[in-house]
Amino acid sequence: MLGLIRGWQRRHWRERSKAERVELQTLLTWYASTWVFSLSWLALPLVGGLERRPASAVVAGLLLLVSALQCVEANRLTRTVLDHYLGRAELPVRALRPAAVLLGLALALTLALAALGGADAVTIRLVIGAALMPFGLLYGLVVPMLVFLRRSAVLAVVLMAAFAWTDPDPAGIVMVGVLTGFGVVFSLFTSRCGAWTLSVLWEAERAREAEARLAVAEERLRFGRDLHDVMGRNLAVIALKSELAVQLARRGRVEAVEQMIEVQRIAQESQREVRDVVRGYREADLGVELAGAQGVLSAAGIRCEVSGEAGGLEVGVQSVLGWVVREATTNVLRHGDAVRCDIALQADGGCVVLTVENDGASDPAGGGGSGLAGLRERLSAVGGTLEAGRVGADVFRVKAEVPLSVKEVTA
């Protein structure tokens with residue numbers, strides 16, 4: 001049994017994001033609430049306080065059956081109603097009609113039981129509150145709150161008038177209204193608060209994803225801007241000189257050769273400048289990468305702490321470790337649901353060790369992502385190593401080790 005529980009947790013819990021976990025927990029709470037109220041407010045009081053007469057027993061049995069059907073129907077529609085509230089899907093027009101019919105049938109049977117004197121007044125009032133709960137949890141998410149309260153008030157008046165026919169005691173009539181109001185308010189409070197919390201959580205999740213996409217887009221724009229600044233002028237000059245060389249060649253002028261030589265020189269210079277831009281992009285300063293990773297993670301709501309200094313390291317070492325920081329930060333943003341991320345940089349003998357550790361993360365792409373594979377190739381080229389994997393229940397660690405002195409690698 002424990003193995004089955006652990007397997008379910010591994011498949012259906014750890015692989016979910018924080019928002020998905022909260023939503024699943026909320027749904028399970030709603031599922032259980034309908035059955036708990038039906039059991040504690042309807043089944044147990046009804047069985048204990050039932051008058052042992054054939055007619056009363058038949059009505060009570062039908063009431064228990066209808067109550068169970070109410071719970072089943074409520075559980076069936078809970079996910080659909082929640083998706084409607086969160087704007088994921090449209091709710092069919094007649095989706096709640098079976099639940100409404102079951103509610104009316106449960107209240108009618110309760111009224112019949114009270115008219116037969118089949119149960120005491122306290123049991124009847126508890127049964128009324130229990131009958132309202134399954135439908136109230138659904139209806140509270142479908143209509144606006146004021147509409148729900150207004151219609152609930154009308155229902156309370158109708159129930160007070162109906163049960164006054166069976167028990168004209170003023171105190172009893174008031175208690176029917178009180179139990180009706182409690183059932184209505186409790187179901188509204190339970191459904192609305194839980195659904196509103198989920199809507200806020202999903203909005204924060206979407207904002208976090210947008211933050212990660214913006215960070216990637218900003219880096220692409222920076223690279224594109226640098227490349228444009230380098231290549232724009234040179235390409236314009238090459239175009240002009242090539243056109244001039246064509247005109248000179250058509251006239252048989254020897255200067256055409258000189259112009260083409262100049263075009264060749266500018267093209268070679270442009271090629272060198274592009275390599276410099278790409279090298280600058282690929283060999284970013286490790287200190288800048290660490291600061292950028294901390295800023296992006298903090299903006300995404302992940303607590304990030306950086307320890308260690310990058311100053312004094314060779315350019316080649318900083319270049320390789322900068323790539324590790326970039327890839328690890330991307331994995332934290334895209335995979336799992338981290339709350340914290342710790343980045344540590346320290347010298348260990350003749351090597352530099354960079355560790356990026358975060359919680360709430362699953363193995364990126366199942367542990368075999370192309371990003372980590374590319375990092376291993378890049379590190380192996382300079383004599384370094386990379387380890388990536390789980391070190392606990394939900395902790396993922398990327399550890400890179402690079403010699404203090406490496407040869408510059410051009411990618």
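Which residues does Tyr31 touch, not counting residues up to four places away in sequence? The answer is given in the first of the following legends, which describe close-up views of a predicted model.

View 1. Tyr31 is in contact with Asn75, Thr78 and Arg79, when residues up to four places away in sequence are not counted. Tyr31 and Ala74 are separated by 43 residues in sequence, yet their C-alpha atoms lie 7.8 Å apart in space. The relative accessibility of Tyr31 is 24%, and the residue therefore counts as partly exposed, a class that runs between 20% and 50%.

**View 2. Packing of helix 2 against helix 3.** Helix 2 (residues 18-49) and helix 3 (residues 54-85) pack with their axes 10 Å apart and at an angle of about 170°. Angles over 145 degrees count as roughly antiparallel, and the two helices are therefore described in this way. From helix 2, the contact is made by Glu23, Leu27, Trp30, Tyr31, Thr34, Trp35, Ser38, Leu42, Ala43 and Leu46. Helix 3 contributes residues including Leu63, Leu64, Cys71, Val72, Ala74, Asn75, Thr78, Arg79 and Leu82. By class, the residues of this contact comprise 15 nonpolar, five polar and two charged.

**View 3. Course of helix 2.** The 32 residues of helix 2 reach 45 Å from the first C-alpha to the last, close to the 46 Å expected at 1.5 Å a residue. A bend of about 35° is found in helix 2 at Leu39.

**View 4. Packing of helix 4 against helix 5.** The axes of helix 4 (residues 97-116) and helix 5 (residues 121-139) come within 10 Å of each other and cross at roughly 175°. Helix 4 and helix 5 are therefore roughly antiparallel. On the side of helix 4, the contact is formed by Ala99, Ala100, Leu103, Ala106, Leu107, Thr110, Leu113 and Ala114. The residues of helix 5 that take part are Ile124, Val127, Ile128, Ala131, Leu132, Phe135 and Leu138.

**View 5. Position of Ala108 in helix 4.** Ala108 has a relative accessibility of 43% and so counts as partly exposed. The C-alpha atom of Ala108 is separated by 9.2 Å from that of Leu63, a residue 45 positions away along the chain. Leu63 belongs to the helix 3 side of the contact between helix 2 and helix 3.

Notes
Residues numbered from 1 in each chain as written. Predicted model: local features only at pLDDT ≥ 70, side-chain atom pairs only at ≥ 80, totals over all residues. Heavy atoms only, no water. Axes fitted to C-alpha atoms, helices over the stretch in contact; angles between N-to-C directions. Helix = DSSP H or I, 4+ residues; strand = E, 2+ residues; numbered from the N terminus. Parallel < 35°, antiparallel > 145°, perpendicular 65-115°, else oblique. Contact = heavy atoms within 4.5 Å. Nonpolar A, V, L, I, M, F, W, Y, C, P; charged D, E, K, R; others polar. Expected span 1.5 Å × (residues − 1). Bend = angle between axes of the 7 residues up to and from the residue. Buried < 20%, exposed > 50% of the residue type's maximum accessible area, 1.4 Å probe, protein only.
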